[in-house]
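Me: I would like to work through a structure by question and answer. Please show it to me first.

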Amino acid sequence: MSLLDIQLTLDTPLFSGSWRPDRIDAVTPLRPSTIKGIWRWWARAYATGILFDKGLIDERFTDRDTEKISQLIGSVIGLGYADPRGRTSRVSSYILELEAESKITPLRATRERSLNLQRITLLTLRRGTSVEYIERASFRLNIILRPGERPNIQREKAALGSLLTALILSGFGKGSRRGLGCVNVRIIGGSMADDYKLINLTNRESIKRLINETRRAFMELVKDDYGYRDKTKDKLPPLTLISDKIIDEESGLKAFQLYSLTSTSPNILNNLHNFFVRTRRQQTIGRDDLRHNLVGWILGLPREQRGTGYRIGDRNINRRASPFILSIHGDRVGYLSIFASNDWPKYIRWIGGRQKRRHTSR
């Protein structure tokens with residue numbers, strides 16, 4: 001049974017790679033496994049957020065909590081579960097059928113033609129280096145309930161809601177967290193099409209409604225047998241999640257915040273993608289508070305070049321992705337998702353200047 005039939009049209013260039021990371025697979029430039037990957041990421045953010053709101057997980061996060069989240073996503077929501085003991089493993093309840101609707105024509109970005117995108121400039125720094133990308137393409141995605149599965153309206157709402165959130169608020173391929181590989185989402189059909197017919201990618205309230213309805217579906221699926229802990233206030237979540245909980249009363253900071261971004265010029269991708277570069281921030285607003293306050297590490301770690309920058313002081317952590325995820329839709333609309341969590345390295349060292357000044361954050 002088809003649950004949703006969706007048309008995906010590229011809004012921004014897709015640098016998806018293939019068996020060669022610098023070359024596009026012209027037959028399957030976008031794969032179901034890629035979509036499943038971001039689907040599970042956002043489903044985990046929803047599931048963890050509900051458990052956090054209920055006080056079932058906190059800063060005392062353990063392997064047992066990880067197992068709760070895996071079971072909720074894999075067994076309850078139906079995205080597939082691998083039991084470490086091999087007893088309750090199950091395949092996904094959903095089948096994804098994906099095909100390109102038109103011929104794929106790869107283009108090539110080089111050092112001289114980097115599209116003025118910082119991520120691509122870095123990939124083509126060496127003379128003679130190039131990376132392929134797709135500028136225009138549309139795909140047909142059909143989500144089918146696996147034969148033999150009994151329909152469950154709350155389960156399907158939780159699963160499909162997290163999938164649509166993933167498609168709208170993040171991209172695919174290289175630079176997917178910085179507005180590259182974003183797609184326009186159009187619901188064509190399916191048994192649950194009416195539940196999502198009001199989604200408008202240019203309307204922030206429409207996206208917030210999708211998030212709230214998906215959270216409600218997850219809430220209905222979280223049973224008492226997940227255990228109970230006392231709820232705590234003003235505590236950072238142990239990891240990235242979606243929650244309305246205010247974790248700092250003074251500033252009103254929430255664990256998850258969604259901002260809509262608009263541009264008066266049609267070049268919104270370049271303006272927002274490159275804003276994560278220090279020089280562009282200084283050019284746009286005349287200053288760089290992240291650099292001035294030595295908190296540029298918030299843009300992701302490691303973040304260093306030629307012996308200067310931010311270094312991780314924890315040997316058990318090699319990198320930390322930025323808590324900012326940017327998506328672009330059309331010529332003038334974008335969304336910025338911001339996640340506050342406590343899973344950062346405890347020690348971060350900044351080294352800068354000719355005198356190698358050092359500053360350690362805790």
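Me: With which residue does the side chain of Glu149 meet in a salt bridge?

Reply: Side chains of opposite charge can pair when their charged atoms come close. A salt bridge here is a side-chain nitrogen of Lys or Arg within 4 Å of a carboxyl oxygen of Asp or Glu. For Glu149 the N to O distance is 3.0 Å, and the partner is Arg90.

Me: How far apart in sequence are the parts that this pair ties together?

Reply: Helices (H or I, at least four residues) and strands (E, at least two) are DSSP runs, numbered from the N terminus. Glu149 is in the loop between E5 and H4, while Arg90 is in the loop between H2 and E2. The pair therefore ties together parts whose separation is 59 residues.

Me: Which pLDDT is required before side-chain atom pairs count?

Reply: Residues are numbered from 1 along each chain as its sequence is written, and side-chain values use heavy atoms, with hydrogens and water left out. This is a predicted model: totals for chains, interfaces and linings use all residues, whereas local features need pLDDT of at least 70, and side-chain atom pairs count only at pLDDT 80 or more.

Me: Is Arg90 buried or exposed, or in between?

Reply: Buried means under 20% relative accessible area, exposed means over 50%, and partly exposed lies in between (1.4 Å probe, protein chains only). Glu149, at 23% relative accessibility, counts as partly exposed. Arg90 has a value of 27%, so this residue also counts as partly exposed.

Me: By what part of a helix are Lys68 and Asp65 separated?

Reply: These two residues form a salt bridge, with their closest N and O atoms 3.9 Å apart. Lys68 is buried at 15% relative accessibility, and Asp65 is buried at 0%. Because they are 3 residues apart in helix H2 (residues 63–76), their separation is about one helical turn.

Me: How many residues apart in sequence are the parts joined by Asp244 and Arg215?

Reply: The side chains of Asp244 and Arg215 meet in a salt bridge of 3.5 Å, N to O. Asp244 lies in the loop between H5 and strand E7 (246–248), and Arg215 lies in helix H5, so the parts tied together are apart by 29 residues.

Me: In what order do the strands of the open sheet that contains E13 stand?

Reply: Strands of a sheet pair through backbone hydrogen bonds, either parallel or antiparallel. Two strands pair if DSSP finds at least two bridges between them. Here 3 strands form an open sheet with antiparallel pairing, in the order E9-E13-E12.

Me: Which strands of this sheet stand at the edges?

Reply: A strand at the edge has a single partner strand, so one side is left without a neighbour in the sheet. The strands in this position are E9 (256–262) and E12 (324–329).

Me: What angle does helix H5 make with E9?

Reply: Helix H5 (residues 204–221) lies across E9 and E13, where contact means heavy atoms within 4.5 Å. Axes are lines fitted to C-alpha atoms, for helices over the stretch in contact, and angles run from 0 to 180 degrees between N-to-C directions. On that basis H5 runs to E9 at about 155°.
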